[in-house]
Amino acid sequence: MDATRLADGVVVTLKSVDRSSYAQEVEIAPLFGEEPLKSDPRNHCIRIPDVLQDPNDEGVSIIVMPFLKKYYEPRFDTVGEAVEFFHQVLEVRTI
């Protein structure tokens, strides 16, 4: 669901998460927006500015995310843009 954040007028997406099935998502997702992962150039995860509690259901959390567009809009203008896109999508971290 799309929404507008009242504090700054930014359009965001709200994702409802059932904590009984996906509790780890609610705990882990915000960590990618914190240091040291935040400044790692290989980190292409969406920043999670806030996690809210559903006022009607204690077992549901609402993850607030930036509003994103489809990967193919706008279309790639150059082969280099497409190559960089696939490089980021397929990038893996070796330990």
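**Reading a predicted chain: patch, core, contacts and salt bridges**

User: Which residues make the nonpolar surface patch of about 400 Å²?

Analyst: Patches are built from residues with over 30% relative accessible area and no salt bridge; like charges are joined within 9 Å, and nonpolar side chains (Val, Leu, Ile, Met, Phe, Trp, Tyr) within 5 Å. Here Phe76, Phe86, Val89 and Leu90 form a nonpolar patch of about 400 Å². The areas come from the Shrake-Rupley method with a 1.4 Å probe, and for residues only the protein chains shown count as cover. This is a predicted model, in which local features need pLDDT of at least 70 and side-chain atom pairs count only at pLDDT 80 or more, while totals for chains, interfaces and linings use all residues. Residues are numbered from 1 along each chain as its sequence is written, and side-chain values use heavy atoms, with hydrogens and water left out.

User: Where is phenylalanine 76 placed, and is phenylalanine 76 buried, partly exposed or exposed?

Analyst: Helices (H or I, at least four residues) and strands (E, at least two) are DSSP runs, numbered from the N terminus. Phenylalanine 76 sits in the loop between strand S4 (60-66) and helix H2 (79-90). For exposure, buried means under 20% relative accessible area, exposed means over 50%, and partly exposed is in between (1.4 Å probe, protein chains only). Phenylalanine 76 has 35% relative accessibility, so it counts as partly exposed.

User: How many helices and strands does the protein chain have, and in what order?

Analyst: The protein chain holds two helices and four strands. Along the sequence, the pattern is β-β-α-β-β-α.

User: How does the radius of gyration of the protein chain stand against that of a compact globule of 95 residues?

Analyst: The radius is taken over C-alpha atoms, and the globule rule is 2.2 Å times the number of residues to the power 0.38. A compact globule of 95 residues would come out near 12 Å, whereas the protein chain has 16 Å. Its C-alpha atoms fill a box of roughly 50 × 35 × 25 Å along the principal axes. Of the 95 residues, 18% count as buried.

User: Which residues form the largest nonpolar core?

Analyst: In soluble globular proteins, nonpolar side chains tend to be buried together. A nonpolar core is a set of buried Ala, Val, Leu, Ile, Met, Phe, Trp, Tyr and Cys residues joined through side-chain atoms within 4.5 Å. The largest one in this model has six residues: Val17, Val26, Ala29, Ile48, Ile63 and Met65.

User: What does alanine 29 contact, leaving aside neighbours within four places in sequence?

Analyst: Contact means heavy atoms within 4.5 Å. With those neighbours set aside, alanine 29 is in contact with Gln24 and Ile48. Across the protein chain, 41% of the contacts between residues at least 6 apart in sequence join residues at least 24 apart.

User: How many salt bridges are there?

Analyst: A salt bridge is a side-chain nitrogen of Lys or Arg within 4 Å of a carboxyl oxygen of Asp or Glu. The count comes to four salt bridges. One of them joins glutamate 25 to lysine 15, with the closest N and O atoms 2.6 Å apart. Glutamate 25 lies in helix H1 and lysine 15 in strand S2, so this pair ties together parts ten residues apart in sequence. Glutamate 25 is partly exposed at 27%, and lysine 15 is partly exposed at 33%. Arginine 5 and aspartate 8 form another, their closest N and O atoms being 3.0 Å apart. Arginine 5 has a relative accessible area of 30%, and aspartate 8 has 45%. Aspartate 40 and arginine 42 also meet in a salt bridge, at 3.1 Å from N to O. Aspartate 40 is buried at 14%, while arginine 42 is partly exposed at 39%.

User: What else does lysine 15 contact?

Analyst: Leaving aside neighbours within four places in sequence, lysine 15 is in contact with Glu25, Ser61, Ile62, Ile63 and Met65. In strand S2 (residues 11-18) there is also serine 16, which touches Val60 and Ser61 when residues up to four places away are not counted. Serine 16 is exposed, at 56% relative accessibility. Its C-alpha is 9.1 Å from that of valine 64, 48 residues away in sequence.

User: Which peptide bond is cis?

Analyst: Most peptide bonds are trans. The bond from glutamate 35 to proline 36 is cis, with omega near 5 degrees. Proline 36 is in the loop between helix H1 (19-28) and strand S3 (50-53).
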